[in-house]
Amino acid sequence: MRVRVLLLLAGRYLGGLRRRTHVAAVSGISFGGMALGAAALVLTLALLEGFQHTIRAQLAQRGVHAVLRPRAGATLPGGDWLARLRARHPELELRAIAGGSVWCTVPGEATPAELEVVDSLSRVEINRVLAARLGVGAGSWMAIASPRLVLTPLGPLPLRSRVEVERVTALRPGEDRAIVRVGPQLGQALLGAAGPRVVEVRSPDPGRAWDVASHVQASVPDGVEVVSFRDLNRPLLAALALERVMIGFGVALIMAVAALNLLCNLALLAAEKRLDGALLQAMGLEAARVRWLYVLIGLVVGAAGGLAGTAAGAAAAWLLDATRALPLPAGVFIVSHVPFRVTPGAAAVVVGVSLAAAVAASLPPALAAARGDVVEGLRYE
Amino acid sequence: MSERAVPPGVPAVRVEGVRKGYGSNDRRVEVLRGVSLELEQGEMLALVGPSGVGKSTFLHLLGLLDQPEAGRIELFGHDTGAMTSGQRASWRNRRIGFVFQFHGLLAEFTLTENVAMPLLIGGAGRREAAVRAGELLAAVGLEHRREHFPDQLSGGEQQRGAIARALVADPWLLLADEPTGNLDAATAESVFELLRNLHLDRGLSSVIVTHNARLAARCDRTLRLSGDGLEAA
């Protein structure tokens with residue numbers, strides 16, 4: 001197709017300002033609408049990505065990166081595979097956890113808790129949920145009562161151990177139960193010699209969270225299932241992805257409004273240029289090329305508006321993030337300011353949506369212009 | 001078929017029993033009822049007749065802008081009824097030049113660009129088309145107006161520009177629909193003179209629709225279109 005003449009016509013119709021036609025004005029309005037829609041979409045996606053990136057980073061920083069659990073039964077298979085795994089991946093932190101239910105008490109207060117026996121631990125840690133329920137902190141003393149019974153002159157009583165809380169740990173993502181973590185010696189005394197239920201695997205580098213499972217996969221026996229970071233957090237990640245799609249779709253409706261504006265303006269242009277279309281066809285321009293002319297004009301407006309809006313939106317997002325222009329109250333949010341993060345993928349999606357909206361908007365007037373009766377168009381003069 | 005290879009020995013236009021109407025049912029208007037015509041190559045034909053009798057419709061059929069409901073139209077031996085829409089567009093671009101009553105120049109383009117437009121549509125480069133357009137503008141005496149826009153020209157200049165555009169692709173057939181109808185008498189005279197000279201210089205076959213009996217008389221032949229068809233005037 002000879003596109004040069006179409007480019008010439010489209011360029012001149014769009015640049016009609018110097019001929020003082022209203023074409024340039026309505027083209028400017030269409031351009032502004034598309035740019036505004038693209039900028040709004042970029043800013044929204046940047047805001048969502050900023051928050052979601054923070055959440056994913058927090059997940060990787062505070063959560064476990066993979067879990068090894070038994071394919072069948074309640075405990076992991078025995079053998080030296082865990083020692084070999086540690087030797088093969090010294091860079092990874094592996095915490096073999098046994099456990100059961102216990103009661104934790106302080107004078108005047110008692111609460112059920114999960115007891116986790118961590119093989120790499122030598123002190124007593126409780127999480128914030130337990131600390132809050134008992135009103136204790138680091139340095140406080142409390143008692144742990146296990147389901148195991150001991151015979152006393154008063155009859156069988158739960159086995160109790162009085163311990164000093166050495167550390168209160170932050171909550172991991174999704175952790176809402178009261179948990180007390182102890183070393184293997186105390187754990188065995190409280191619960192007996194039960195094998196570990198799971199092994200938690202972490203990399204010191206949170207950036208490797210997504211790859212840890214694949215690294216250890218080859219080093220575990222058949223009876224052990226490796227649950228990846230992605231699978232561990234699948235519901236949350238799916239919710240985040242859904243949130244991004246739905247909000248992105250909602251904001252993209254602005255683009256639809258801008259596209260409708262473009263459609264109206266192209267329809268006006270086609271009506272104003274009806275005689276031109278007929279004259280061009282009288283000079284040998286095929287009807288199909290008249291159609292392409294209006295699609296091209298729509299594409300130019302959509303592409304220019306989309307690119308300008310994307311650039312403006314990305315610049316605004318960068319500025320808002322770099323200057324921390326929107327602070328958040330400390331202690332309420334995990335970040336100090338509203339984060340914005342523009343990804344190349346999001347920018348490409350916005351430009352793509354702009355182009356698609358422009359093509360969709362230009363098709364009805366383009367088809368109508370190409371279908372128009374040339375003879376009627378010539379009488380239009 | 002080369003650009004200027006006009007097929008010898010065949011009429012420029014042969015029309016047989018062409019019918020054309022508009023509307024449907026009780027609002028049907030029969031405009032052309034079995035019109036026939038033969039135009040020899042190199043002939044300049046004036047077509048006269050009252051308003052609304054179908055002169056422009058007939059010209060649009062000859063110019064492949066519209067199709068007859070019945071009958072046959074041959075241009076230089078080619079049956080136009082058998083042409084595809086692409087072939088018809090190509091003929092309009094290369095073989096047929098149009099001049100309308102109103103100049104029909106595109107407002108956003110300079111005179112050079114307007115004249116070059118048929119060549120650009122045909123795929124010529126801008127430089128090549130501009131050179132050719134310059135030659136045509138010189139031929140119609142408008143070389144000093146090359147970069148002017150249509151609204152910066154007088155009526156006569158606009159129409160001379162339209163004639164240059166109609167001839168820029170070296171057409172075989174020139175169709176003019178009341179080319180002087182919008183001009184004062186003196187300007188109409190000069191524009192018609194230009195048209196006549198270019199017709200002769202370039203060996204064109206031309207059909208001129210006009211209401212001006214004096215100008216029609218200067219054509220090779222004059223036919224009157226009426227409800228009964230074409231007859232010598």
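Reader: Where in chain B is B:Phe76 found?

Author: In this predicted model, B:Phe76 belongs to the loop between strand 4 (70-75) and strand 5 (78-79) of chain B. Its phi is near 50°, which is a positive value in a residue other than glycine. As a rule, most residues other than glycine have a negative phi.

Reader: Why is B:Phe76 called buried?

Author: A residue is buried if 20 or more other C-beta atoms lie within 10 Å of its own. B:Phe76 has 20 other C-beta atoms within 10 Å, and therefore B:Phe76 is buried.

Reader: What makes B:Asp170 partly exposed, and where is B:Asp170 found?

Author: B:Asp170 sits in the loop between helix 5 (155-167) and strand 7 (173-177) of chain B, and its phi, near 55°, is also a positive value in a residue other than glycine. A residue counts as exposed with 12 or fewer C-beta neighbours and as buried with 20 or more. B:Asp170 has 15 C-beta neighbours inside 10 Å, which lies in between, so B:Asp170 counts as partly exposed.

Reader: Why does B:His144 count as exposed?

Author: B:His144 has 10 C-beta neighbours inside 10 Å, and because the cut-off for an exposed residue is 12 or fewer, B:His144 counts as exposed. B:His144 lies in the loop between helix 4 (126-139) and helix 5 of chain B. The C-alpha atom of B:His144 is separated by 19 Å from that of B:Glu108, with the two residues 36 apart along the chain.

Reader: Why is chain B called as compact as a globular protein of its length?

Author: Chain B has seven helices and 10 strands. Its radius of gyration is 17 Å, close to the 17 Å that the globule rule gives for 233 residues, so chain B is as compact as a globular protein of that length. Along its principal axes the C-alpha trace of chain B spans about 50 × 40 × 35 Å, and 48% of the 233 residues count as buried. Among contacts in chain B between residues at least 6 apart in sequence, 73% join residues at least 24 apart.

Reader: How many residues of chain B are in contact with chain A, and which elements give two or more of them?

Author: In chain B, 25 residues are in contact with 20 residues of chain A. On the side of chain B that touches chain A, helix 2 (85-94) and helix 3 (111-121) of chain B are the elements that give two or more residues. Helix 2 of chain B provides the largest share, six residues. By class, this side of chain B has 13 nonpolar, nine polar and three charged residues.

Reader: What scores does the model have?

Author: The model scores ipTM 0.93 and pTM 0.73, while chain B averages a pLDDT of 91, with 98% of the residues scoring at least 70.

Technical notes: Residues are numbered from 1 along each chain as its sequence is written. Chains are lettered from A and ligands numbered from 1 in the order in which they are written. This is a predicted model: local features need pLDDT of at least 70, side-chain atom pairs count only at pLDDT 80 or more; totals for chains, interfaces and linings use all residues. Helices (H or I, at least four residues) and strands (E, at least two) are DSSP runs, numbered from the N terminus. Two residues are in contact if their C-beta atoms, placed from the backbone, lie within 7 Å. Ala, Val, Leu, Ile, Met, Phe, Trp, Tyr, Cys and Pro count as nonpolar, Asp, Glu, Lys and Arg as charged, and the others, Gly among them, as polar. pLDDT is the predictor's confidence in each residue, from 0 to 100. The radius of gyration is taken over C-alpha atoms; the globule rule is 2.2 Å times the number of residues to the power 0.38.
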